[in-house]
Amino acid sequence: MFQKALWISSSTVGGPPTSAPAPYFRKTFQLDQPVKSAVLSVTALGLYECEINGNRVGDEVFAPGWTDYRRRVQYQTFDVTDLLRHGENVIGTILGDGWYCGFVGWIDRQVFGERPHFLAQLDITFKDDSTFSVPTDSSWKTSSGPILEGDLLMGETHDARLELGDWSTPGYDDIHWHPVLLSKLDPIPELSPRIGPPVRRIEEINPVGVNTLDIFSKQYRVHDLGQNFAGRARIKVRAPRGTLVRLLFAEILNPDGRIYTDNLRGARATDYYICKGGGEEVWEPRFTFHGFRYVEVSGLGTQDSCEVTGIVLHSDIRPTGTFSCSNALLNQLQRNIVWGQKSNFLEVPTDCPQRNERLGWTGDAQVFVRTACFNSDVNAFFHKWMRDMSDTQTTAGGIPSVIPNAKFVEGAGGEDGGPAWADAVIICPWTIYLCYGDKSILDENYEAMRKFMDFIGEHRCKGRIRSHPDADSWGGYGDWLALDGGGSLEGLTPRDLIGTAFYAYDAGIMAKVAEQLGHDSEAATYRALREEIKIAFCRRFVTPDGLMISSTQTAYVLALHFDLLPENLRPAAASELVRLIQKRDWHIGTGFVGTPYLLEVLESTGHLDVAYKLLEQETFPSWLFPVRNGATTIWERWDGWTPDKGFQDKGMNSYNHYAYGAVGAWMYRTVAGLELDPKEPGYRHIIFRPRPGGSITRAEATLDTPFGRTEIRWDLQAGELRLELVVPESCHASLELPGGYHSNRIHFDAGRHRLVLDQTARSN
Ligand code: BGC
């Protein structure tokens, strides 16, 4: 498909801190015979938007997507038969910097390369079956145009006075365009078909209000879109020629009503549009996005008009699940979790969409993956990201902190993301397998997983203690952003405790993976390894009475959740965890690492009441505290904003991080009661196990499983539990009732089932 194509580029090039205008490319060709079919294969290092005869090809945004460009770039193919015509035809493209040569994270530009490159081949079959190709080569022409700068983090600048008119239609005069350069790429990345869903323009949002502020005789119009999200703004503007309209984006407002942008750090998050004048102009950028709820428009005169529409962008992951219950604040929490997911599932699972970061942080993804699988179909999305992960794995087997790895090649986090981060290589494929029943993800990643286990054993442990202080290696990010660290970001839970707990967890998962893939002797080896790690863990971190040497909630959560304690010590450890929670007046004390399992551990050790107390807690710190304070997404930090301290440190304070949204899985699995069976993954065997508690009198969850839609809803009134269960075709289900209820029907086949149960062990 690319047999004849050569990589091309323009001579325009920026520098590490300086952007260059987006190059346009065009090629004319003649068709004198009727066309039977035409396929365009296309990719870029950078971003491309293709046009044929004035029509946009496809509807993908930020194609060809983000991969580790040192190794691989994805391509797309489009059926463009209908776009061609008899006589002269034009194919053209505009290139953006994207992740390839724009700013990435907090690093300068040009992380992967210095300028964008383009590769395409149009393959035409005529009605008589003869063929003709139009590949990229030295005969293409290039020019700069109105896009003076297009950067994912910084924003886009468009001078409408420089627009090129019908540049991609026949008859256009390209006499002033220049010859292209043939690119000299080293290394040449492997071309692979796209395997994940493309980013698309998913939805449009209209402002819920506009506030006009006059400051030093300048007017600032702050448009509130009512929702924090990732995307951009389309404007409809009427202003004189040469007016410079500035759009500045923010998640939150200062107390004086101006937008708060300090937490964006080095991301300028500003678009500029220079009007051509003479009537209404509509513009939406092509090569940038921002994380925002508010758009501040300035530069307009009092007579000028500017309408703003929010364009929601994310990888096109199909919504699959819903959760709701009788507590309205929890329903808002669920909406915030979903928006956190939408905002951060953009090509790779990112930490946040707004500041100069937006990276594929392994820890965050690992923490959230189970919840993600409820809300949307993320199967293909994770297949793709796991491929990125094996592309990025170091030769020694290490998994870096962020995938794709953007220049952290050496040093802390660059070759090993550390406990709970790098472990994404084990946890993510296993979770995807459980949720979708798709063994291929285990198969595809088994080598990478195995290599990682060897790397930990050989390079990151002393004895079986991972991140041992004497192991002479970086210990990881700790229990990131836990509030027990007295100001440190890593929390108080010792890194070797976290490291060893996750190592044991990994070994257990690996045993099951090996078993699934038929590697029985390796399964046995991993089982034995897990036992050894468990012994080392207990020896180092557990007292004979079942107390942990570290009295953090996370230390107990990990020991209990990963089943690292002798059976007889579990009750004592669980009571101690409850005591620690009570000591904080029934508030959460965990960071990124402990939070996802906290409620599960409480429930499984007989403390469902405490789990509900935490879930429904409204005062700081809690999941509902941000909801009470108007959040529309999940905050990065429990204390992102508090009434007494205001905004947290601007250096690390996103209002759209999904990690703490990991509680979503518990709401589906335990509040509503929709669980899978690891022995029949993908919900082939559904386990309905509602666990009413707290103030909740009603809950429901629905999920489009790979086999069809399942539903559970329950209602509890005066001790009477009404249940409605839906089991899809080719699935079966079991009902595990909460304490005090009994039913003589516990197995269900496909269909809709209704039950009414009371506590006197009667059922009908
Ligand atoms: C990111 C996190 C990430 C962390 C590592 C932060 O800068 O935003 O979400 O996991 O670094 O500790």
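**Entry 1: cis peptides.** I began with P187, which is found in the loop between β14 (181-182) and β15 (190-193). The model is a predicted one. The peptide bond that leads from D186 into P187 is cis, and its omega is near 0 degrees. I then looked up P621, in the loop between α12 (608-615) and α13 (624-628). F620 and P621 are likewise joined by a cis peptide bond, with omega at about -10 degrees.

**Entry 2: domains.** I noted the division of the protein chain into domain 1 (8-196), domain 2 (201-315), domain 3 (321-672) and domain 4 (674-757). For domain 2 and domain 4, I recorded a separation of 46 Å between C-alpha centres.

**Entry 3: six-stranded sheet.** I traced an open, antiparallel sheet of six strands, ordered β5-β4-β7-β2-β10-β13. The edges are β5 (55-56) and β13 (178-179); each has a single partner strand, so one side of each is left without a neighbour in the sheet. Strand β4 (residues 47-52) runs antiparallel to β5, and two bridges join them. I found I52 bridged to N55 in β5.

I next examined N53, placed in the loop between β4 and β5. N53 is not a glycine, yet its phi is positive, at about 50 degrees. Its relative accessible area is 8%, and N53 is therefore buried, the cut-off being under 20%.

**Entry 4: five-stranded sheet.** I followed a second open sheet, with five strands in the order β26-β35-β36-β37-β40 and antiparallel pairing. Here β26 (321-325) and β40 (751-757) are the edge strands, each with a single partner, so one side of each lacks a neighbour in the sheet. From one strand to the next, the twist averages 5 degrees. Between β37 (residues 720-727) and β40 I recorded seven bridges in the antiparallel sense. E724 has R754 in β40 as its bridge partner.

I also checked S730, in the loop between β37 and β38 (732-735). S730 has a positive phi of about 60 degrees without being a glycine. With a relative accessible area of 48%, S730 is partly exposed.

**Entry 5: nonpolar cores.** The largest nonpolar core holds 184 residues, and I listed those that touch the most other members: F62, L333, V378, M548, L599, L602 and L723. Helix α7 (residues 495-516) supplies the largest share of this core, twelve residues. Apart from this core lies another, of 27 residues, including F25, L31, A38 and L40.

I then took L723 by itself. Beyond its neighbours within four places in sequence, L723 contacts P690, I712, R713, W714, L735, L737, H753, R754, L755 and L757.

**Entry 6: helices α3 and α5.** I compared helix α3 (residues 362-375) with helix α5 (residues 424-436): they pack at about 10 degrees, and their axes are 9 Å apart. As the angle is under 35 degrees, α3 and α5 are therefore roughly parallel to each other. On the α3 side I found T362, A365, Q366, V369, R370 and C373; these meet A424, I427, C428, T431, I432, C435 and Y436 in α5.

Which residues is Q366 in contact with, leaving aside its neighbours within four places in sequence? I listed A420, A424, I427, C428, F502 and Y597 for Q366. At 4% relative accessibility, Q366 is buried. Finally, I noted that Q366 and A659 are 293 residues apart in sequence, while their C-alpha atoms are 8.9 Å apart in space.

Notes. Residues numbered from 1 in each chain as written. Predicted model: local features only at pLDDT ≥ 70, side-chain atom pairs only at ≥ 80, totals over all residues. Heavy atoms only, no water. Domains from an automatic or database assignment. Pairing = 2+ DSSP bridges. Helix = DSSP H or I, 4+ residues; strand = E, 2+ residues; numbered from the N terminus. Axes fitted to C-alpha atoms, helices over the stretch in contact; angles between N-to-C directions. Core = buried A, V, L, I, M, F, W, Y, C linked by side-chain atoms within 4.5 Å. Buried < 20%, exposed > 50% of the residue type's maximum accessible area, 1.4 Å probe, protein only. Contact = heavy atoms within 4.5 Å. Parallel < 35°, antiparallel > 145°, perpendicular 65-115°, else oblique.
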